[in-house]
Amino acid sequence: MYSAVRKLFFTDCQCAREPSKTYEELFAKLDTNKDGKVDVSELRAGLAAMGIQTGNAAAQKIVSSGDRDHDDRLDFKEFTKYLKDHEKKLRLTFKNLDKNKDGQIDYMEIKQSFADLGLDISKEDAEKILQRLVGNLGFSALPRDTLTRGRGGS
Ligand SMILES: [Ca+2]
Ligand SMILES: [Ca+2]
C-alpha cells in the first residue's frame with residue numbers, strides 16, 4: 001500500500017530499479033479495465049486504494065494536465081510524461097519542506113505538500129510517509145544538511 005505511494009511519489013534511483021518499470025506497474029494497476037488508458041475514475045480509485053483521497057476536480061486536473069491528445073484519458077506515454085514532470089516538482093517540494101529550517105519535517109508539511117498537488121491524504125498516511133522518509137536518510141530528496149542541522153553544532 002504505502003510502497004505504492006512511495007513508488008508513485010518518491011521514485012528515486014536509490015532503488016536500483018528502472019523507473020519505467022515502476023511506471024508500467026503503476027499504470028497497469030490504475031488501468032483497471034485494461035483499455036490502455038487511465039481515466040479520471042480509474043485514477044481516483046487507484047489513488048484511493050493507496051490511501052490518497054482525491055476529489056473529482058483534483059483527479060480531473062491531473063488527467064487534464066497530462067492529457068496531450070485531448071481524449072480525457074492518459075495513455076502510458078502521457079502518464080509517464082506526467083509522472084516525470086511531477087516528480088521534479090515533488091523533489092523541489094520536499095527539498096523545501098523544512099520551511100522553518102529547524103532540521104525537522106513534520107507530517108503536516110507532508111500533508112501540505114500533497115494538498116498543494118490537489119491530493120488529500122490523512123494524518124495517518126502523512127505520518128507513515130514521513131516515517132519512511134526519515135527512516136531512510138539516504139533518500140536524496142531529503143537534504144542531509146537540513147536533516148542534521150542543529151544537531152552537529154557545539
Ligand atoms: Ca482504463
Ligand atoms: Ca490522452
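How many helices and strands are there in the protein? There are eight helices and four strands, and from the N terminus on they run α-α-β-α-β-α-β-α-α-β-α-α. Helices here are DSSP runs of H or I with at least four residues, and strands are runs of E with at least two.

A word on the basis: this is a predicted model, in which local features need pLDDT of at least 70 and side-chain atom pairs count only at pLDDT 80 or more, while totals for chains, interfaces and linings use all residues. Residues are numbered from 1 along each chain as its sequence is written, with chains lettered from A and ligands numbered from 1 in the order in which they are written.

Let's look at one helix pair. The axes of α3 (residues 40–49) and α4 (residues 56–66), lines fitted to C-alpha atoms over the stretch in contact, come within 9 Å and cross at roughly 115 degrees. The two helices are therefore roughly perpendicular (65 to 115 degrees). The contact, meaning C-beta atoms placed from the backbone within 7 Å, involves these residues:

| Helix | Contact residues |
|---|---|
| α3 | V40, L43, R44 |
| α4 | N56, A59, Q60, I62, V63 |

Five of these residues are nonpolar, two polar and one charged.

Now for α4 itself. Its buried residues (20 or more other C-beta atoms within 10 Å of their own) are A58, A59, I62, V63 and G66. Seen down the axis, they fall within an arc of 135 degrees, so they line one face of the helix. On the other side, N56, A57 and S64 are exposed, with 12 or fewer such atoms. Across the protein, buried residues make up 27% of the 154 residues.

Terms used:
Axes fitted to C-alpha atoms, helices over the stretch in contact; angles between N-to-C directions. Parallel < 35°, antiparallel > 145°, perpendicular 65-115°, else oblique. Contact = placed C-beta atoms within 7 Å. Nonpolar A, V, L, I, M, F, W, Y, C, P; charged D, E, K, R; others polar. Arc of directions from axis to C-beta.
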